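Here is a short briefing on one chain. Keep the sequence and the 3D view open while reading.

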Amino acid sequence: MVGFDLTQEQEAVRDMAHKFAAHEIRPIAAECDREGVFPLELFRKAFDLGLMSGFLPEEYGGQGLTSLDTCLVEEELAWGCSGIATSMTANGLGLAPILIAGTGEQKRAFAAPFASKFQFASFCLTEPGAGSDAGGIATTARRDGNGYVLNGRKCFITNGAHACQYTVFASTDRSRGHRGLSAFVVPRETPGVSSGKKEDKMGQRASETSDVLFEDARIPADNLLGKEGEGFKIAMRTLDYARASVAAMAVGVSRAAYEFAADYARQRVQFGQPIAMNQAIHFLLADMAMDIEAARLLTWNAAWLAGQGRRNTKESACAKAFSADLAMRITTDAVQIFGGYGYMRDYPVEKLMRDAKLLQIYEGTSQIQRMVIARETLLR
Ligand code: CAA
């Protein structure tokens with residue numbers, strides 16, 4: 001049976017996220033973008049409303065929101081501002097490896113506190129030499145007595161400077177390549193852990209991104225997630241889950257661009273009539289509306305599968321690539337409909353275009369998603 005009606009609870013959580021986006025995020029989004037402000041007080045408000053911890057299971061203090069519920073929320077938050085949404089929801093990515101591979105004790109120790117306390121967790125996979133090739137990680141974790149000693153540098157880490165806890169992928173056996181990678185929980189206060197300078201990004205500027213460094217950082221063996229050598233698969237399963245959320249954010253950005261463009265087309269008069277009367281504009285807007293529907297359906301399908309505990313590798317890659325590429329196209333077309341005004345910072349669409357670019361890059365580029373889709377469809 002297939003149905004697309006949302007439950008009353010889903011409608012309620014979506015409405016709440018929409019109101020938050022409209023009344024709290026949108027009014028500050030342009031300034032945060034311009035000045036590169038990380039809006040801490042806004043995040044605190046979001047936390048108080050459960051918008052940062054809803055994904056945690058009820059037994060660990062969260063609301064037990066499913067992956068689909070989370071996507072409903074992310075679409076609305078990103079409709080407000082995708083930079084703010086990225087940082088506001090990054091705990092989902094940082095804590096997912098713990099929920100996927102942690103023991104009950106680890107979930108209580110490392111995930112549950114994020115339901116009761118406003119704080120950030122970061123996902124540390126990418127390195128200067130290991131971006132798309134996530135298996136090429138150079139950070140090491142050397143077993144030493146009853147612990148591990150970490151050395152290495154992670155880059156492009158969302159909320160890296162603000163996090164109190166990192167989920168870190170490091171090699172416990174360099175000779176085994178991706179099969180020698182392991183996943184660890186590293187508290188920020190561990191001696192030898194530090195963060196680098198804030199990156200000066202083209203878009204999503206309200207979201208802070210930085211290096212995180214490990215220099216002889218010693219952690220207890222109890223902080224290993226799963227077994228040694230399981231890190232790469234834990235990372236891939238995390239990304240399968242998280243890519244549906246990025247897809248949902250891309251739908252939110254696309255919807256915002258569509259709405260701005262449609263409103264502008266109705267009121268902008270050229271040649272004696274609103275430009276919305278031109279078929280050239282109809283077709284641009286109709287394509288946007290049509291593709292937003294398609295992107296949302298792909299996203300909901302990928303998220304629904306994750307909620308059923310089923311593998312969604314192909315579906316989440318399809319949703320992420322389609323939606324992110326779409327957001328880039330729709331925001332570019334929105335700038336086109338605004339014409340010269342669209343290119344100016346006084347109008348909202350150039351920001352959306354800059355923000356959309358990152359959706360095609362983080363959590364796996366659009367090219368990597370196609371590689372994943374090809375492997376899942378052609379080679380299995
Ligand atoms: N689930 C479970 N296992 C999986 C899997 C999945 N989805 N995908 C692969 N695996 C397993 C394979 O079965 C294989 O297992 P064996 O060792 O038993 O054979 C193993 O993992 C290796 O698989 P591949 O041979 O496919 O690995 P690969 O080295 O060719 O890489 C890749 C695959 C898809 C390209 C992967 O490296 C990848 O996803 N790269 C992109 C990384 C990425 O998305 N980075 C984003 C960082 S996070 C971020 O951006 C957030 C932020 O804060 C900004």
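K233 lies in helix α8, which covers residues 231-267. The model is predicted. K233 counts as exposed, because its relative accessibility is 64%, over the 50% mark.

- T331 sits in helix α10.
- Is T331 buried or exposed? T331 is buried, because its relative accessibility is 0% and the cut-off for buried is under 20%.
- Setting aside neighbours within four places in sequence, T331 is in contact with V253, A257, L352, M353 and A356.
- T331 and V349 are 18 residues apart along the chain, and their C-alpha atoms are separated by 6.7 Å.

**Helix pair α9 and α10**

- Helix α10 (residues 313-338) also packs with helix α9 (residues 279-307).
- The two axes come within 9 Å and cross at roughly 155°.
- That angle is over 145 degrees, so α9 is roughly antiparallel to α10.
- The crossing of α9 and α10 is left-handed.
- By class, the residues of this contact are 17 nonpolar, 4 polar and 5 charged.

**Helix pair α5 and α6**

- Helix α5 spans residues 90-101 and helix α6 spans residues 104-111.
- Their axes are 8 Å apart, at an angle of about 160°.
- This angle, too, is over 145 degrees, so α5 runs roughly antiparallel to α6.
- α5 passes α6 in a left-handed crossing.
- Which residues meet here? From α5 come L95, I98, L99 and A101. From α6 come Q106, K107, F110 and A111.
- The contact of α5 with α6 has 6 nonpolar residues, 1 polar and 1 charged.

- N159 is not a glycine, yet its phi is positive, about 65°.
- N159 belongs to the loop between β3 (147-158) and β4 (163-171).
- N159 counts as buried, because its relative accessibility is 0%.
- F271 is not a glycine either, and has a positive phi of about 55°.
- F271 is placed in the loop between β9 (269-270) and β10 (273-274).
- Is F271 buried or exposed? F271 is exposed, because its relative accessible area is 86%.
- Side by side, N159 is buried, whereas F271 is exposed.

**The whole chain**

- How many helices and strands does the chain have? There are 12 helices and 10 strands.
- A compact globule of 380 residues would have a radius of gyration near 21 Å. The chain has 21 Å, so the two values agree.
- The C-alpha trace spans about 80 × 45 × 40 Å along its principal axes.
- Of the 380 residues, 54% are buried. T331 is one of the buried residues, and N159 is another.
- Take the contacts with a separation of 6 or more: 75% of them come from residues 24 or more positions apart.

Methods. Residues are numbered from 1 along each chain as its sequence is written. This is a predicted model: local features need pLDDT of at least 70, side-chain atom pairs count only at pLDDT 80 or more; totals for chains, interfaces and linings use all residues. Side-chain values use heavy atoms; hydrogens and water are left out. Axes are lines fitted to C-alpha atoms, for helices over the stretch in contact, and angles run from 0 to 180 degrees between N-to-C directions. Helices (H or I, at least four residues) and strands (E, at least two) are DSSP runs, numbered from the N terminus. Angles under 35 degrees count as roughly parallel, over 145 as roughly antiparallel, 65 to 115 as roughly perpendicular and the rest as oblique. A crossing is left-handed if the near helix is turned anticlockwise from the far one by less than a right angle, and right-handed if clockwise. Contact means heavy atoms within 4.5 Å. Ala, Val, Leu, Ile, Met, Phe, Trp, Tyr, Cys and Pro count as nonpolar, Asp, Glu, Lys and Arg as charged, and the others, Gly among them, as polar. The radius of gyration is taken over C-alpha atoms; the globule rule is 2.2 Å times the number of residues to the power 0.38. Buried means under 20% relative accessible area, exposed over 50%, partly exposed in between (1.4 Å probe, protein chains only).
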